[in-house]
Amino acid sequence: MIKTVIIEDEKPAARKLERMLNSFPELEVIANLESVEAGLQWFSENEHPQLIFSDIILGDGLSFDIFEKVSTKAFIIYTTAFDQYTLKAFKLNSIDYLLKPIPEEDLAKAINKFKSFLPSDHMVDSKEIKKLIKKDKTVLSRILVKIGYNLKIIQTHEISCFFSENKIVYLQTQDRVYPSDFTLDELENVLDSEKFFRVNRQFIISSEHIRNIHTSPYYKVDLEFQPDEEITVSRDRVKDFKEWLAG
């Protein structure tokens with residue numbers, strides 16, 4: 001049996017998901033958790049499952065808070081009421097996400113995807129999980145940012161660049177600059193490589209927002225919504241940058 005845990009703060013949604021999972025005889029739901037606090041306690045006291053279905057936004061925080069504090073070898077399928085794929089899911093053992101209300105067909109596809117990753121002995125460590133997920137990489141099209149106590153969804157096509165300053169990574173849109181919880185290395189791995197390029201250690205830029213490129217004496221890029229300075233392409237990245245521009 002594949003041990004499975006549900007993390008969901010809405011009891012009707014949790015009950016419905018468990019009923020749907022009961023139609024898969026190979027799955028056994030061993031716990032229903034309603035909050036970050038309950039999740040931290042349960043995972044610290046119990047043997048971890050092979051599979052987790054987790055809502056993203058819980059009453060006392062984001063479910064990511066659980067897996068950033070408790071290391072798990074489980075695969076995670078995120079469920080969400082938002083039509084978006086959250087960046088953190090890429091680095092926290094996520095193999096899929098399901099949009100509520102969850103269609104039975106989508107649930108079956110996600111479970112089949114999980115089973116295609118799982119070895120026959122049902123044992124896999126965290127490093128192996130990340131390698132498997134990386135092979136099945138999904139391109140990020142939206143990002144969730146915090147503004148005080150509020151959450152905002154930003155479409156990646158609205159972003160002219162991501163940049164690092166004082167150890168914080170920001171994203172730039174037409175309206176404003178937003179801080180994020182991520183590193184440029186993480187973003188580089190999940191953004192659409194046809195549209196975004198890491199020009200140096202500090203910047204990832206979008207091809208959709210390039211206004212001008214100066215080639216003498218260095219390659220410098222002028223972006224929309226980035227009025228303060230031109231962005232210099234690192235010398236060791238110029239060849240790759242030109243190839244990226246050519247498509």
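**Stop one: helix H8**

Start on the exposed side of H8, where you'll find Lys239 and Ala246. (Exposed means over 50% relative accessible area, buried under 20%, and partly exposed in between, with a 1.4 Å probe and protein chains only; helices are DSSP runs of H or I with at least four residues, strands are E runs of at least two, and both are numbered from the N terminus.) Before you click on, note that this is a predicted model, where local features need pLDDT of at least 70, side-chain atom pairs count only at pLDDT 80 or more, and totals for chains, interfaces and linings use all residues. Residues are numbered from 1 along each chain as its sequence is written, and side-chain values use heavy atoms, with hydrogens and water left out.

Now select 238-246, the whole of H8, and pick out its buried residues: Val238, Phe241 and Trp244. They sit on the same side of H8, because they cover an arc of only 120° around the axis, taken from the directions from the helix axis to the C-beta atoms. What lies over them? The cover includes strands E13 (196-198), E14 (203-206), E15 (210-214) and E16 (220-223), with contact meaning heavy atoms within 4.5 Å. Step just past the end of H8 to glycine 247, which has a positive phi of about 80°.

**Stop two: the sheet with E15 and E16**

Show E15, E16 and E17 together: they make an open three-stranded sheet in that order, paired antiparallel. E15 and E17 (231-232) are the edge strands with a single partner each, so one side of each has no neighbour in the sheet. Strands pair if DSSP finds at least two bridges between them; E15 and E16 have four. For one of these, select isoleucine 213 and its bridge partner in E16, valine 221.

**Stop three: E10 and its partners**

Go to E10 (residues 161-165) and E11 (residues 168-172), an antiparallel pair joined by five bridges. Phenylalanine 162 faces leucine 171 in E11. The hairpin has two residues between its strands, and asparagine 166 there takes a positive phi near 55°.

E10 also pairs with E14, antiparallel over three bridges. Select phenylalanine 163 and you'll find phenylalanine 203 as its bridge partner in E14.

**Last stop: glutamine 50**

Is glutamine 50 buried or exposed? It counts as buried, because its relative accessibility is 17%. Its side chain reaches the backbone nitrogen of lysine 3 at 2.7 Å.

Notes. Polar contact = N/O pair within 3.5 Å; in protein donor to acceptor, adjacent residues only side chain to side chain.
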